[in-house]
Amino acid sequence: MKTGIATVSISGTLEEKIVAIAAAGFDGIEIFEQDFIADTRSPREVGRRIRDAGLELLLFQPFRDFEGLPGDLRRRAFDRAERKFDLMQELGTDLVLVCSSVHPEAQGGIDRSAEDFAELGARAAKRGLRVGYEALAWGRHVNDHRDAWEIVRRADHPNVGLILDSFHTLARGTDPDTIRRIPGDRIFFVQLADAPRIEMDLLYWSRHFRAMPGEGDLDVQGFMRAVMATGYAGPISLEIFNDQFRGGKTKQLARDGHRSLVDLMDAVRRAEPGLTVDLPPMPAPVPPQGTAYVEFATRGAEAEALAATLSGLGFAQTGRHVGKDLTLWQQGGIRLVLNHERSGHAEAIFTTHGTSVCDLGLSVASAADTLDRARALGAEVFAQPRGPAEMEIPGIRGLGGSVLHFLDEGSGLDEVWEREFGAGSDPVPGVGLRRVDHIAQTMSYDEMLSWSLFYTSLFAMKKAPMVDVIDPDGLVRSQAVAAPGGDFRITLNGAETHRTLAGAFLAESFGAIVQHLAFATDDILATAEALAARGFEPLPVSANYYDDLAARFDLPQAEIARLRALNLFYDADGRGGEFLQLYSRPFAHGLFFEIVERRGGYDGYGAANAPVRIAAQKRLGRPKGMPSS
């Protein structure tokens with residue numbers, strides 16, 4: 001499978017793009033005309049640089065407003081084409097993308113356009129070049145790949161073929177299965193883009209909101225299944241226009257792009273096994289079976305404060321590592337590790353962020369298979385020197401330099417607690433906390449697409465719709481990604497300004513990845529009362545919240561009074577599901593804990609309560625404008 005990406009898809013100068021695209025593992029590059037024009041090198045030098053980087057120059061694009069023009073405009077269109085042919089030969093590419101005309105004087109008619117392309121194909125053939133025709137979703141006369149194919153078919157020239165773009169087909173709601181009727185050898189090139197489903201002008205939607213396959217809502221997999229069913233064996237390339245990407249990190253965007261193509265084509269061959277997909281085998285994505293552990297980098301007074309907080313939440317220290325300065329804390333099925341080491345990964349995380357989550361352990365069916373899939377998707381494998389008593393647990397780099405480790409039963413990796421910490425298997429009852437319900441990762445908004453793709457490509461996880469969380473000082477965007485049944489849930493929270501609670505946490509912790517952990521209980525009322533008896537101080541909730549709660553939900557006054565007394569939040573989904581929440585007060589640059597109870601299949605995260613919770617947390621923080629110490 002030959003993979004490519006258009007230079008317009010990622011940020012940076014042309015040189016930065018070439019370096020990042022090569023490093024990400026792509027086979028080739030589509031050079032977007034504007035990127036070439038802005039570069040100071042000659043066409044021959046640019047072509048040589050691309051090939052020296054190990055890349056093939058797959059396509060030059062775009063050539064606009066060609067077909068259907070009358071009189072002198074037609075003559076000038078062919079003159080322009082000849083000049084682009086000169087440029088292509090200097091660059092060293094043989095294929096040009098001609099997109100359907102939007103020229104106000106372009107005339108319709110399949111035969112008229114076919115005649116233009118027949119002549120253009122003859123001119124291209126004299127130079128050993130090829131012409132690909134693409135239907136723009138907003139084309140003046142041709143906006144459907146079926147019409148573009150009919151023009152190519154009637155042009156009947158071997159140097160003229162069809163270029164398909166998933167966005168242009170799917171954005172108009174065209175059935176992608178209509179592609180299956182096109183001969184694969186007449187398709188010269190395939191471009192891919194996803195997008196969130198938004199009702200807006202097609203051109204604006206295309207220019208600002210395209211995304212990598214898997215980052216949006218379009219049926220890109222169905223599109224590619226139809227393409228592969230034709231017998232197409234050419235390049236599969238990305239063409240993305242996205243405002244976030246224009247200001248994003250060039251190398252990360254290129255890695256995301258390659259990951260999205262590999263994941264997509266792996267999904268295509270699994271969905272339709274009879275198709276031929278030239279992609280090395282890799283393990284299938286499987287859902288995480290739960291959070292095996294959460295590890296904090298901490299030491300000194302901050303470690304003492306964290307330990308006291310955990311003790312107040314009902315956790316007990318149940319083990320100490322045989323060779324390192326790590327302690328294990330447990331309650332129910334929850335394992336938290338406090339890493340006090342002064343070297344290695346945890347030391348680096350603590351030095352940068354202070355007390356923060358440095359490592360997440362996930363329970364999976366096969367740790368080895370999960371690692372193999374991660375490698376195939378371009379993840380960076382994590383390793384550091386092991387002591388004589390330590391097990392080798394597979395891991396990869398995650399958000400913000402953190403680590404994800406994988407544990408399973410079949411290989412015995414789940415025995416790490418007994419072997420390395422001397423911990424028994426008897427659960428610690430504590431105050432009734434049973435498991436990690438979800439983990440809230442905080443990041444800048446422009447990283448959210450990248451990390452949602454990371455989780456959904458590596459694991460069998462689904463995205464929930466993005467939610468706007470209102471902060472008194474701005475907006476935070478939140479998207480949950482969850483395994484089927486909710487065995488593992490993670491919320492990605494994107495901050496656009498440091499004035500928000502999430503943004504302030506990022507700023508004050510210098511980019512720590514986890515702002516809070518949510519623990520599940522079967523009876524939050526009993527848990528809250530047990531915590532109160534231990535002296536736990538919950539986040540205080542405004543009395544106005546409970547007055548509003550009485551107006552919004554048909555709850556008995558006695559129940560609302562009990563919620564008020566225990567500082568509990570409440571939500572309901574209108575389908576019989578209920579959700580109750582209790583929060584700790586923030587500590588360590590804004591880190592906090594949440595306790596939840598889900599009833600009746602409630603699958604959300606209490607988004608309606610977030611503004612009240614954030615306001616309460618901000619009241620306990622520093623006054624606005626006061627610098628941190």
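The exercises below concern a predicted model of one protein chain, each followed by a worked solution.

**Exercise 1. Overall form**

Solution: 
1. The C-alpha trace spans about 90 × 60 × 50 Å along the principal axes.
2. Buried residues make up 57% of the 629 residues.
3. Of the contacts between residues at least 6 apart in sequence, 72% join residues at least 24 apart.

**Exercise 2. Surface and charge**

Task: State what share of the accessible surface belongs to carbon and sulfur atoms, and how far apart the centres of the positive and negative side chains lie.

Solution: 
1. The accessible surface comes to about 25,100 Å², and carbon and sulfur atoms account for 49% of it.
2. There are 68 positive side chains and 87 negative ones.
3. The centres of these two sets are 4 Å apart.

**Exercise 3. Strand β11 and its partners**

Task: Decide whether strand β11 (residues 326-331) is enclosed or open, and find which strands pair with β11.

Solution: 
1. Six of the six residues of β11 are buried, so the strand is largely enclosed by the rest of the structure.
2. Burial holds on both faces: L326, L328 and Q330 point one way, while T327, W329 and Q331 point the other way.
3. One partner is β10 (residues 316-320), which pairs with β11 in the antiparallel sense over four bridges. In this pairing, A316 has Q330 of β11 as its bridge partner.
4. β10 and β11 form a hairpin with five residues between them.
5. Another partner is β12 (residues 334-339), antiparallel to β11 and joined to it by six bridges. Here Q331 has I334 of β12 as its bridge partner.
6. β11 and β12 also form a hairpin, with two residues between them. In its turn, G332 has a positive phi of about 55 degrees.

**Exercise 4. Strand β20 and its partners**

Task: Find the sense, parallel or antiparallel, in which β20 pairs with β16 and with β19.

Solution: 
1. β20 covers residues 489-495, and seven of the seven are buried, so this strand is largely enclosed by the rest of the structure.
2. R489, T491, N493 and A495 point one way from β20, and I490, L492 and G494 point the other way.
3. β16 (residues 433-444) runs parallel to β20, with six bridges joining the two. M443 stands opposite G494.
4. β19 (residues 474-482) pairs with β20 in the antiparallel sense over seven bridges. V476 stands opposite A495.
5. β19 and β20 form a hairpin with six residues between the strands, where G485 takes a positive phi near 85 degrees.

**Exercise 5. Backbone angles**

Task: Classify F510 as buried or exposed, do likewise for N567, and locate the cis peptide bond at P62.

Solution: 
1. F510 has a phi near 55 degrees, positive although the residue is not a glycine. F510 lies in the loop between α17 (501-508) and β21 (514-521).
2. The relative accessible area of F510 is 63%, so F510 is exposed; the cut-off for this class is over 50%.
3. N567, also not a glycine, has a positive phi of about 60 degrees. Its loop runs between α20 (557-566) and β22 (569-572).
4. The relative accessible area of N567 is 16%, so N567 is buried; the cut-off here is under 20%.
5. The cis peptide bond joins Q61 and P62, with omega about -5 degrees. P62 lies in strand β3 (residues 56-63).

**Exercise 6. The surroundings of D116 and G68**

Task: Find which residues D116 touches, and which residues G68 touches, leaving out those up to four places away in sequence.

Solution: 
1. D116 sits in helix α5 (residues 110-126) and is buried, with a relative accessible area of 3%.
2. D116 touches F66, E67, G68, L69, R74 and F78.
3. G68 is in the loop between β3 and α4 (71-91). At 0% relative accessibility, G68 counts as buried.
4. G68 touches E105, A106, Q107, R112, S113 and D116.
5. G68 and E295 are 227 residues apart in sequence, and their C-alpha atoms are 64 Å apart in space.

Notes
Residues numbered from 1 in each chain as written. Predicted model: local features only at pLDDT ≥ 70, side-chain atom pairs only at ≥ 80, totals over all residues. Heavy atoms only, no water. Buried < 20%, exposed > 50% of the residue type's maximum accessible area, 1.4 Å probe, protein only. Contact = heavy atoms within 4.5 Å. Areas by Shrake-Rupley, 256 points an atom, 1.4 Å probe, with all protein chains shown as cover. Lys, Arg positive; Asp, Glu negative; His and termini not counted. Charge placed at Lys NZ, Arg CZ, Asp CG, Glu CD. Pairing = 2+ DSSP bridges.
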